[in-house]
Amino acid sequence: MPKPVIFTIDDDSSVLNSVERDLRAHYGQDYRILPIDSGGAALDYLKKLQQRNDTVALFLVDHRMPTMNGVEFLEQAIKAYPQAKRVLLTAYADTQAAIDSINEVRLDYYLMKPWHPPEERLYPILDELLEDWKIHVRLPYEGIRVVGTLWSLPSHQVKDFLTRHQIPYQWLDIEKDSNARQLVEGISAEISKLPIVFFPTGQSLIQPDLKELAEKVGLQTRAALPFYDIVVVGSGPAGLAAAVYGGSEGYRCLVIERAAPGGQAGSSPKIENYLGFPTGISGDDLTRRAVSQAKRFGVEILSAQEAKQVLVKDSYRIIQLSDGSEISCHALLVATGASFHTLKMPGAAELTGAGIYYGAAYTEAMNYKDQDVLVVGGANSAAQGALYLSQFARQVRVLIRGPQPTASKYLIDAMEENKKIEMLSNTDLMEVKGRNTLEQITVKNTISNETQTFDAAAMFVFIGVRPQSQLVADLVKRDEKGYILTGLNLIVDKKPPQGWTLERDPLLLETSIPGIFAAGDVRFGTSHRVASAVGEGAIAFALMKEYLKTL
Ligand SMILES: Cc1cc2nc3c(=O)[nH]c(=O)nc-3n(C[C@H](O)[C@H](O)[C@H](O)COP(=O)(O)OP(=O)(O)OC[C@H]3O[C@@H](n4cnc5c(N)ncnc54)[C@H](O)[C@@H]3O)c2cc1C
């Protein structure tokens, strides 16, 4: 924690030097003494201190200064540091101004010049003020601060990225916090370019992309080697399971993740049906454990790097990344999972991140305390989202297209018992409305054809899971929905797929290209569960090991 600051401001350099000397002698050990020769320069410096989140304990300011007098300076300065003690240094002639300012800027004291000897006329007064400051001050947050607005997609993405990487941060909303707004104005003329991420070093990033942010917070975004035995694309449960086995058996193993480790499971507030965790485990806890396990075995995990395309050259499988770089390997596992459909109705795209969220209940739930929210979907993920949101929201309406939810029984029971949750079956979402933020939605009952409009501060969408298989779309065989076909699913009339050159058939989780495997939610025939993904990841590694032996 940096030392709190004592500011002393005077345009007369001999007085300034003398005050500085006295302050340094008595307070230098515990406080940083900052002498400045004008109010304007001091205000500029205050902006820097705010950006670094430093604390100011005391302003000791001369009143009679040419461009900005002491009271005028304090008027501005206390907006940034309302808790700092304020002392005005005055000449006898300025006594009335000092008395007037007691109310104006809630002056704590005015000191008459000269203040010597300081042991009698300066230190006892400042000691008392600083003691009082220490008792009442709320020390600032020392970590990363994200300043933005709740109604912006980039702000949501940055928060989600940091949360998913389990990097602590403080969220400051410029619409609720005038200091936060000031902080933004001190950095950027474009108040619309949010969020701004402030680091404890005093540096900041304006609306960073995820790769820039990842690099700044020290995450690995570039591979250390040009070639690996095994590359895994996707760090959900399937990818991480394969990586743990690959690393533990000494293979050079790299995981490429476009967002943050954990995949869909990482966004689950509580996974209650995964073996070995009778009271459930949160997705971020499971992810943290799996990531440290993989890293312990020497696996590299790249964050905020998207695998765009895969090429095949002889025995090499080459992965092209979004930053234009390439990595090659002998065995590749596609464990890119699935993601939710985005709503196609008018207005939905504009309101994404401004009240409409896709499966992100975990990150945003607390912002909707005591408000009415909606959940769209009836499967396990939607039910978990609804139950988690009900801890904060006033009411959670769950829109279910079918006659009843398809979630597991224990989740349906929990929703039925929860007084804050109302399930609306046979219900279709018709319209979303809101100027800058989501305000209302209209739904239709598909049996009665009746429509209803609800006020809603936020809507969390958990429908229409789509496999994320675009990176191999032109390379491996997929079904019409995009799920990757593997093993027996590739055999038609006892024949391997067209173009298959090996004498053996594709292995259980091998795709139509030898050496490229698929596991988890992206694979045709999987069961969309954490345990299945982990199991398939483990099997995929065993098969890749067999494959590598043949090269
Ligand atoms: C909210 C929620 C709650 C759930 N709760 C449960 C539960 O309680 N129990 C249960 O058994 N199951 C649950 N599930 C389902 C379970 O999480 C999934 O079945 C499981 O996560 C699938 O794992 P996966 O590794 O195959 O894919 P995913 O978890 O989808 O992970 C895929 C990863 O690949 C990354 N990726 C995608 N494309 C690329 C690319 N081109 N380049 C780089 N990276 C890429 C993604 O960013 C993602 O991190 C839940 C799902 C959700 C959404």
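Which residues lie nearest the centre of the second largest pocket? In this predicted model, local features need pLDDT of at least 70 and side-chain atom pairs count only at pLDDT 80 or more, whereas totals for chains, interfaces and linings use all residues. Residues are numbered from 1 along each chain as its sequence is written, and side-chain values use heavy atoms, with hydrogens and water left out.

Asn53, Ala80, Arg138, Pro140 and Asn179 lie nearest the centre of this pocket, which is lined by 22 residues. A pocket is an open set of points on a 1 Å grid over the protein atoms alone where a 1.4 Å probe fits, with protein on both sides within 12 Å along at least five of seven lines; lining residues have an atom within 4 Å of a point. The elements giving two or more residues to the lining are β7 (169-173) and α8 (178-185); helices (H or I, at least four residues) and strands (E, at least two) are DSSP runs numbered from the N terminus. The largest share, three residues, comes from α8.

The ligand is surrounded by 33 residues, the closest being Glu257, Gln264, Asn273, Gln384 and Asp521; a residue counts if one of its heavy atoms lies within 4 Å of the ligand. A nitrogen atom of the ligand is 2.9 Å from a polar backbone atom of alanine 307. Ligand oxygen atoms lie 3.5 Å from a polar backbone atom of histidine 528 and 2.9 Å from a backbone N or O atom of valine 530. In the shell around the ligand, α11 provides the largest share, three residues.

Terms used:
Polar contact = N/O pair within 3.5 Å; in protein donor to acceptor, adjacent residues only side chain to side chain.
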